[in-house]
Amino acid sequence: MSIRFEDVTYVYNPKTPEPVEALHNISLEIEEGSFTALIGRTGCGKSTLVQHLNALLHPTSGTVFIDTFVNASQKKKRDKKLKPLREKVGLVFQFPEYQLFEETIEKDVAFGPKNFGDSDEVALEKAHEALQLVGLDESFYKRSPFEISGGEKRRVALAGVLAMKPKYLVVDEPTAGLDPLGAKKLMELFTKIHEAGSTIILVTHDMDLVLGYCTDVFVLDHGKVALKGKPNDLFGQDVSRFSLQTPAIFDFAFRLEKAGYKIDKNKLNRVEDLAKAIVEGRR
Amino acid sequence: MNVVEVKDLTYAYTEEKIVLNGVSFSLEEGKYYCLVGHNGSGKSTLAKCLMGLVLRFEGSISLFGIPLSGKTLREIRSHVGIVFQNPDNQFVGSTVADDIAFGLENKRVPHEQMQGIIESFAEKTGMIEHLNHEPSALSGGQKQRVAIAGVLAMGPDLVILDEATSMLDPKGKNEILNLIHSLRKENPKLTILSITHDVEEATRADEIIVFNKGKIILKGKPEEVFVHREELASIQLGLPFFYQLRFALEEQGMQIPPSVKDLESLEAYLCR
Ligand SMILES: Nc1ncnc2c1ncn2[C@@H]1O[C@H](COP(=O)(O)OP(=O)(O)OP(=O)(O)O)[C@@H](O)[C@H]1O
Ligand SMILES: Nc1ncnc2c1ncn2[C@@H]1O[C@H](COP(=O)(O)OP(=O)(O)OP(=O)(O)O)[C@@H](O)[C@H]1O
Ligand SMILES: [Mg+2]
Ligand SMILES: [Mg+2]
């Protein structure tokens with residue numbers, strides 16, 4: 001089981017004078033059990049791609065396989081299999097506002113579990129548990145999800161998807177707008193969910209997160225897959241032509257290597273790893 | 001001169017919770033400030049107060065020496081530009097070009113100059129190819145670029161950026177920050193207040209203002225602020241890469257002299 005794109009092209013406004021081809025003949029496989037990052041310059045197609053994973057968008061041509069679900073062009077809107085797909089694939093949008101709609105935060109987060117068959121009581125319990133995971137206490141339960149801060153909105157949207165415990169957790173810039181410790185805790189939460197068996201698909205502009213947490217990475221460029229690999233291998237090469245940056249840890253390691261340090265970049269993922277490598281490299 | 005003068009500002013949306021709790025500070029003309037603080041600490045609310053979007057506050061706010069009130073709002077706003085946290089809340093035009101034009105029309109910029117200004121700022125923010133596109137049908141980072149272009153094109157004297165670059169790719173973020181720094185060179189009176197969670201951006205600020213639960217708890221130069229490692233961590237904040245690495249090295253038992261103040265000097269020290 002996995003997610004597979006076969007020759008997928010997606011065009012916005014196809015029958016107008018200005019069609020926009022956001023994805024161009026994409027073929028890729030996201031392995032089950034991986035923690036996969038999708039990265040690339042502004043407008044390269046990341047958000048468009050992830051919206052294919054729970055069939056919010058259908059390919060203009062080509063096919064996306066999500067386990068046994070087939071997302072192909074002209075998919076009928078009222079597909080019976082859509083509901084199980086949405087239960088399996090949880091997507092948190094880049095702009096969380098568009099995901100919020102209920103009058104209280106707890107109802108908003110409980111919506112998913114309820115929609116997929118839980119009783120009110122169980123759904124609320126799951127909602128409270130998810131809210132706690134994203135750092136929102138009971139003082140938020142009865143408040144409106146529209147009258148809170150930007151980072152709090154993102155946390156609510158995340159909780160809404162976490163409450164469903166999806167098999168595939170797809171998060172589009174989940175740390176944008178979170179305070180630094182909040183972002184770190186969230187990444188640790190994803191790691192825990194990953195270790196418990198879920199597949200995580202992360203869209204991000206933060207290269208340090210890719211290096212620190214992900215098992216696999218795809219670089220998109222102008223709607224195509226430009227590179228793929230393991231983060232530690234990928235960042236060994238120059239990625240600036242894709243509007244990306246070498247993670248700070250690697251960048252500094254390169255500088256020290258020029259001065260004669262020996263640093264094993266296969267084991268370099270966090271700041272602590274770099275500090276250890278430096279101390280050992282000096283001996 | 002102080003462009004912004006805030007005294008004892010207190011504000012609450014509802015009776016249950018005070019969001020700004022006796023905030024006092026001033027911003028000097030021409031400087032670049034970063035405002036940092038945990039989610040829900042009151043940063044965007046402060047920005048709303050400065051823009052006169054909420055007026056029922058206690059305390060006083062003056063901008064450019066003019067006390068903020070219903071009567072002075074128009075005049076003050078003509079000098080201030082804000083990029084909101086969600087760019088979609090900003091768009092008024094049906095195309096990128098219209099959107100940038102809207103602000104210029106409001107400022108009564110003569111028509112014959114407008115096209116040139118629109119193109120120049122679309123170019124500077126990398127959106128020139130999207131001039132005829134609908135702002136709402138752009139990618140997240142493209143929306144942020146348009147919102148920034150619209151505000152900078154108006155030539156404000158004070159720019160408030162509320163997480164305006166949070167969704168830009170690394171190179172794009174640098175380009176926008178460089179653009180802002182170059183505009184400051186052209187107009188030394190331009191004052192920037194950037195609300196951000198990006199600590200690397202904050203290292204480039206003249207001063208950092210640190211918010212916690214509706215109060216200012218620290219204000220100073222980056223190197224004065226980031227030495228408060230434990231305090232910052234206790235209020236959900238992090239450290240720039242240099243400080244993280246420095247502390248991690250010290251935890252490994254390495255002694256690093258205080259003269260090492262940035263990555264360059266750390267590199268030099270380690271390779272000496
Ligand atoms: N609703 C839409 N209608 C028309 N074009 C669109 C729409 N949404 C996105 N696009 C265009 O499709 C391309 C891919 O956009 P997408 O949102 O997938 O990019 P992204 O990689 O997520 O970028 P970012 O990092 O800025 O969020 C861009 O050129 C964008 O302008
Ligand atoms: N419209 C509103 N009605 C009631 N309370 C609100 C409203 N908007 C924000 N709040 C509350 O006010 C507090 C401050 O919110 P504000 O948006 O100023 O925070 P912030 O520092 O900008 O946070 P973030 O980093 O998440 O954007 C938060 O506790 C929030 O829940
Ligand atoms: Mg996107
Ligand atoms: Mg805010």
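The model is a predicted one, with local features needing pLDDT of at least 70, side-chain atom pairs counted only at pLDDT 80 or more, and totals for chains, interfaces and linings using all residues. Residues are numbered from 1 along each chain as its sequence is written, chains are lettered from A and ligands numbered from 1 in written order, and side-chain values use heavy atoms, with hydrogens and water left out.

To start with the pairing of the two chains, 43 residues of chain A are in contact with 45 residues of chain B, contact being heavy atoms within 4.5 Å. The size of an interface is often given as the accessible area lost when the parts come together. Here chains A and B bury about 3,600 Å² between them, and 59% of that sits on carbon and sulfur atoms; buried area is the accessible area (1.4 Å probe) that two parts lose on being put together, summed over both. On the chain A side, T42(A), F95(A) and R255(A) supply 16% of the area buried against chain B, more than any other three residues.

As for which elements do the touching, α5 (150-162), α6 (180-195), α9 (248-258) and α10 (271-282) of chain A each give two or more residues to the side that touches chain B. Helices (H or I, at least four residues) and strands (E, at least two) are DSSP runs, numbered from the N terminus. The top contributor is α10(A), with seven residues. By residue class, this side of chain A splits into 19 nonpolar, 13 polar and 11 charged; Ala, Val, Leu, Ile, Met, Phe, Trp, Tyr, Cys and Pro count as nonpolar, Asp, Glu, Lys and Arg as charged, and the others, Gly among them, as polar.

Nine residues of domain 1 of chain B are in contact with six residues of domain 2 of chain B, and the two domains bury about 670 Å² between them, 66% of it on carbon and sulfur atoms. Within domain 1 of chain B, F226(B), R229(B) and L239(B) lose the most area to domain 2, together 66% of what that side buries. The rule finds one salt bridge across this domain interface, and the side chains of R229(B) and E251(B) meet in a salt bridge at 3.1 Å, N to O.

Ligand 1 lies between chains A and B. It is surrounded by 19 residues (a heavy atom within 4 Å), the closest being K46(A), T48(A), S139(B), G141(B) and Q142(B). An oxygen atom of ligand 1 is 2.8 Å from a polar backbone atom of G43(A), and an oxygen atom of the ligand is 2.8 Å from an N or O atom in the side chain of K46(A). H205(A) places a polar side-chain atom 3.0 Å from an oxygen atom of ligand 1.

Ligand 2 has residues from chains A and B around it, so the site is shared between chains. It is surrounded by 21 residues, and the closest are R143(A), S149(A), E152(A), K17(B) and T45(B). An oxygen atom of ligand 2 is 2.5 Å from an N or O atom in the side chain of T45(B), while a polar side-chain atom of S44(B) lies 2.8 Å from an oxygen atom of the ligand. On the chain A side, a polar backbone atom of E147(A) is 3.3 Å from a nitrogen atom of ligand 2.

Over all chains, the salt-bridge count comes to 24. One of them joins R41(A) and D221(A), with the closest N and O atoms 3.2 Å apart. R41(A) lies in the loop between β3 (35-39) and α1 (46-50) of chain A and D221(A) in strand β9 (residues 216-221) of chain A, so the pair ties together parts that are 180 residues apart in sequence.

Methods. A salt bridge is a side-chain nitrogen of Lys or Arg within 4 Å of a carboxyl oxygen of Asp or Glu. A polar contact is a pair of N or O atoms within 3.5 Å; within protein, one must be able to donate a hydrogen and the other to accept it, and residues adjacent in sequence count only if both atoms are side-chain atoms.
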